[in-house]
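Please look over the sequence and the model shown here. The report after them is a short tour for a first visit.

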Amino acid sequence: MAMEEGSPVPFSMSPVDYLNAVCPSRPTDTDRLKILRTRLSQLPLEERIRTWLLEGPPIHRFDALEHLALDDPVDEILRVLQRYAQLVQGLWVPKSSLIYGKNDGLEVLARNFILFEFSKSTIIKQKVFARRLDFLKAAKPTLKSLAVERPDLNDWKLKEHPDKKLEVLFGDVVKEQQATWECMGKQINSILSGGRNRKGQHSCI
């Protein structure tokens, strides 16, 4: 039976379903990480953690990383982490050599500098980049991934709160990481002061 002219057309879809149909949303970051976790579950431990560090979030809490390896010993997880990541405020971040696939160059130096500064404090003042505009440009990708810029305070603040629990649970690992940062700090400062070139930045790791 034909519908009379001017009669309303029946519409069974909800407004939300209709919007999703005509404007499908892109997968969220949460969806992407869920898919990644599923894919990684089939890989060996070392490749699993290495890939998660590269493709997952930029900052990692140990508690969360343990969920990637529920059947693996903690010592093994820590061994792999120390090979591919470094501790910053009790949080694991990928080594610059893993991110860039090399141990030298301006990008590596800039990222190591940012990580070193955050290893000392959750805040980096803008003034540390004074008269180093090229260096700041190279450091921007790392700053944007790890921190929030606060223009009113002229600084960058680490996105995640420090993980104090790690120091209690794994004091030896924390001390080793602190020694590494002390060595790297001297190395970075030497390079920035013109004492050395940008090669050989990895000797402390």
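## Model and confidence

This is a predicted model, in which local features need pLDDT of at least 70, side-chain atom pairs count only at pLDDT 80 or more, and totals for chains, interfaces and linings use all residues. Residues are numbered from 1 along each chain as its sequence is written, and side-chain values use heavy atoms, with hydrogens and water left out.

The predictor's confidence in each residue is its pLDDT, on a scale from 0 to 100. The protein chain has a mean pLDDT of 85, and 81% of its residues reach 70 or more. A contact means heavy atoms within 4.5 Å. Where pLDDT is low, the predicted coordinates should not be read in detail.

Helices and strands here are DSSP runs numbered from the N terminus: helices are H or I with at least four residues, strands are E with at least two. Two strands pair if DSSP finds at least two bridges between them.

Three strands form an open sheet in the order β3-β5-β4, with antiparallel pairing. β3 (123-125) and β4 (147-150) are the edge strands, each pairing on one side only. From one strand to the next, the twist averages 20 degrees. Angles run from 0 to 180 degrees between N-to-C directions, and axes are lines fitted to C-alpha atoms, for helices over the stretch in contact.

β3 and β5 (residues 155-158) pair over three bridges. Ile123 stands opposite Lys157, and Lys125 has Asp155 as its bridge partner. β4 and β5 pair over four bridges. Here Val148 faces Lys157, and Ala147 stands opposite Leu158. The β4-β5 hairpin has four residues between the strands, and its Asn154 takes a positive phi near 55 degrees.

Helix α8 (residues 133-146) lies across β3, β4 and β5. It runs at about 50 degrees to β5.

## Two pockets

Rolling a probe the size of a water molecule over the atoms shows where empty space is left. On a 1 Å grid over the protein atoms alone, where a 1.4 Å probe fits, a pocket is an open set of points with protein on both sides within 12 Å along at least five of seven lines; lining residues have an atom within 4 Å of a point. Grid points are joined across faces, edges and corners, and a volume is the space filled by probe spheres set on the points.

The largest pocket holds about 310 Å³ of space. Its lining has 16 residues, with Gln89, Gly90, Ser119, Val174 and Gln178 nearest its centre. β1 (85-88), α7, α9 (164-169) and α10 (171-192) each give two or more residues. α10 has the largest share, five residues.

The second largest pocket has a volume of about 190 Å³. It is lined by 14 residues, and Pro58, Pro94, Ile99, Arg111 and Ser145 lie nearest its centre. α3 (45-55), α6 (96-100) and α8 each supply at least two lining residues. The largest share, four residues, comes from α8.
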